[in-house]
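Subject: Model handover and findings

Hello,

My notes on it follow below.

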Amino acid sequence: KMLLLISLGSLILALMESFSIGIILPIMDLFINQDKIQTSDTIKRLYEFLRIQDKTLFLVVLSIAAIVFFIFKTIYSLVMNYWKQIGVEKVYQRLARKVLASYLNQPYAYHLENNSSYLFKNVTAEVANFTNGLLRPMVIMAGEMMIILTVFLLLVWLHPVITLAISIILGGVLGLFNVIVKKRIRVYSMLREKH
């Protein structure tokens, strides 16, 4: 449930990020060319809806609204990051309790056969490695991927050819990097577990 709520919150944040990128250029463009207030249908409707007669005042109102939106987005992003940290911490506590409970329920002979330091390591270090080394990065990455996807779709809509060309180049570089690093990570993770 927690991860689903975090995913929903991350999706909202991703949409806000895309919207914030999408509004910067039109506002800057309006400052350069105020005649676009009358030529652009969307801006003209907004101008008429607000019933502001002065174009300069209209631009000031738009700028203030954009600043307020950016402040709100930043606060929302901080709150989301806080909830991600809390969520991962709760998973850590729950897993540690489950592992400890499973060891406490084992018969006495089990504890004679297994080193107590090994069991203690599993309760503390291995659960922490799972939550901090896998779950936390996955939660963060899921949120970041949503932002990247929404921004990517926005850029494809605005500049399709340039965006796709850059994406293919970056995708190739990242794919090559993944192939080179993947085997080393597996070897190092096995060595870490052994030591």
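Are Glu17 and Lys73 buried or exposed? Both are buried, where buried means under 20% relative accessible area, exposed means over 50%, and partly exposed lies in between (1.4 Å probe, protein chains only). More on that pair below.

Ground rules. This is a predicted model, so local features need pLDDT of at least 70 and side-chain atom pairs count only at pLDDT 80 or more, while totals for chains, interfaces and linings use all residues. Residues are numbered from 1 along each chain as its sequence is written, and side-chain values use heavy atoms, with hydrogens and water left out.

Overall architecture

The protein has seven helices and zero strands. Helices (H or I, at least four residues) and strands (E, at least two) are DSSP runs, numbered from the N terminus. The pattern along the sequence is α-α-α-α-α-α-α. The radius of gyration is 26 Å, well over the 16 Å that the globule rule gives for 195 residues, so the protein is more spread out than a compact globule. That radius is taken over C-alpha atoms, and the globule rule is 2.2 Å times the number of residues to the power 0.38. Along the principal axes, the C-alpha atoms fill a box of roughly 85 × 35 × 20 Å. Buried residues are 24% of the 195.

Asp35 sits in the loop between H1 and helix H2 (36-39). At 51% relative accessibility, Asp35 is exposed. Gly172 belongs to helix H7 and is partly exposed at 44% relative accessibility. Gly172 and Asp54 are 51 Å apart, C-alpha to C-alpha, with a sequence separation of 118 residues.

H6 covers residues 116-158. Its 43 residues should span 63 Å at 1.5 Å a residue, and the end C-alpha atoms are 60 Å apart, which agrees. The expected span is 1.5 Å times one less than the number of residues. H6 bends by about 40° at Asn122. A bend at a residue is the angle between axes fitted to the seven residues ending there and the seven starting there.

Arg136 is also in H6. Arg136 counts as buried, at 18% relative accessibility. Its C-alpha is 9.0 Å from that of Glu89, 47 residues away along the chain.

H7 tells a similar story on length. Its 35 residues should span 51 Å, and the end C-alpha atoms are 49 Å apart, which agrees. H7 bends by about 35° at Val181. H7 is hardly covered: one of its 35 residues is buried.

Salt bridges

Side chains of opposite charge can pair when their charged atoms come close. The structure holds five salt bridges, each a side-chain nitrogen of Lys or Arg within 4 Å of a carboxyl oxygen of Asp or Glu.

Back to the opening pair. Glu17 and Lys73 meet at 3.5 Å, N to O. Glu17 lies in helix H1 (residues 2-32) and Lys73 in helix H4, so the bridge ties together parts that are 56 residues apart in sequence.

Next, Glu126 and Arg192 form a salt bridge at 3.6 Å, N to O. Glu126 is in H6 and Arg192 in H7 (residues 160-194), so this pair ties together parts 66 residues apart in sequence. Arg192 also meets Glu193 in a salt bridge, at 3.6 Å, N to O. Arg192 is partly exposed at 44% relative accessibility, and Glu193 is partly exposed at 37%. Through shared partners, salt bridges join Lys121, Glu126, Arg192 and Glu193 into one network.

Nonpolar surface patch

Which residues form a nonpolar patch on the surface? They are Leu46, Phe49, Leu50, Leu57, Val60, Val61, Ile64 and Val68, with about 690 Å² of accessible area together. Helix H3 (41-50) and helix H4 (55-104) are the elements that give two or more residues to the patch. H4 supplies the largest share, five residues. Ile64 is placed in H4.

Patch rules: residues need over 30% relative accessible area and no salt bridge; like charges are joined within 9 Å, and nonpolar side chains (Val, Leu, Ile, Met, Phe, Trp, Tyr) within 5 Å. Areas come from the Shrake-Rupley method with a 1.4 Å probe, and for residues only the protein chains shown count as cover.

Best regards
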